[in-house]
Amino acid sequence: YKKVDESNEYLFYRKEGFFYNFTTSDNGDVNIIRLRAPGRLFGEVTSVIEMGGSLTSTRAIAESCVYSLKYTALLDLIVGDKELIHAVIETYAWRVGAYNYVIYAKNTFSNEQKVAQLFISMYDESNDDAFFNLPYYFSHQQIGEFVGLARETVSRVLSRWKEQGIIVSGKNSISIMPKELIEILRHPVK
């Protein structure tokens, strides 16, 4: 959808599908910054601030539906609409808070908390079942790339959770107990 250093006059809305933001080092290594769920904007920062291009690239993980809106069209829409102005400000405030949280999590979360945060980011809060099937299956390697851990570390965390009954995994599927993972986020495993 967008690439690093690409000039961006649009903001995008993820209607369906999961995405990730990433950068690529000079030697070709991919650094996944964040997994993004549906229902959020992206590209809005570089469409507003003269940064000389995007800081990250964005790629869809599976079939997706994305709406784009030219930033100048957004400005035309919000002029005089207090409700829409409030929604735009709220989005930017959320984004600042999210970046602060990502920095905090990367520097202070345990390995278990990092994986729990990834799984919770895919959780549909309208589901009140004890278990929730993750909408996409990720290999241990992919989970490690998303959260900045080695594949072996992810395997140990998932094995421990499987023994504790927090997750159930099958061929190409993972079901989670969201309440247990939220507890891990609140109270790290020692």
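At what angle do helix H4 and helix H7 pack, and how far apart are their axes?

Reply: Happy to. A note on the basis comes before the answer: this is a predicted model, in which local features need pLDDT of at least 70, side-chain atom pairs count only at pLDDT 80 or more, and totals for chains, interfaces and linings use all residues. Residues are numbered from 1 along each chain as its sequence is written, and side-chain values use heavy atoms, with hydrogens and water left out.

Helix H4 (residues 111-120) and helix H7 (residues 178-186) pack at about 135 degrees, with their axes 9 Å apart. Here helices (H or I, at least four residues) and strands (E, at least two) are DSSP runs, numbered from the N terminus. Axes are lines fitted to C-alpha atoms, for helices over the stretch in contact, and angles run from 0 to 180 degrees between N-to-C directions. H4 and H7 are therefore oblique to each other; angles under 35 degrees count as roughly parallel, over 145 as roughly antiparallel, 65 to 115 as roughly perpendicular and the rest as oblique.

On the H4 side, Glu112, Gln113, Ala116, Gln117, Phe119 and Ile120 meet Pro178, Leu181, Ile182, Ile184 and Leu185 of H7, where contact means heavy atoms within 4.5 Å. By class, this contact of H4 with H7 has 8 nonpolar, 2 polar and 1 charged residues. Ala, Val, Leu, Ile, Met, Phe, Trp, Tyr, Cys and Pro count as nonpolar, Asp, Glu, Lys and Arg as charged, and the others, Gly among them, as polar.

Both helices also belong to the setting of the largest pocket: strand E3 (30-36), helix H3 (82-108), H4, helix H5 (140-147) and H7 each supply at least two residues of its lining. By class, that lining has 18 nonpolar, 5 polar and 8 charged residues.

In H5, His140, Gln141, Ile143 and Gly144 meet Arg151, Val154, Ser155 and Leu158 of H6, a contact with 3 nonpolar, 4 polar and 1 charged residues. H3, in turn, packs with helix H2 (residues 71-78) at about 135 degrees, their axes 8 Å apart. Leu74, Leu77 and Ile78 in H2 meet Leu84, Ile85 and Val88 in H3, giving 6 nonpolar, no polar and no charged residues.
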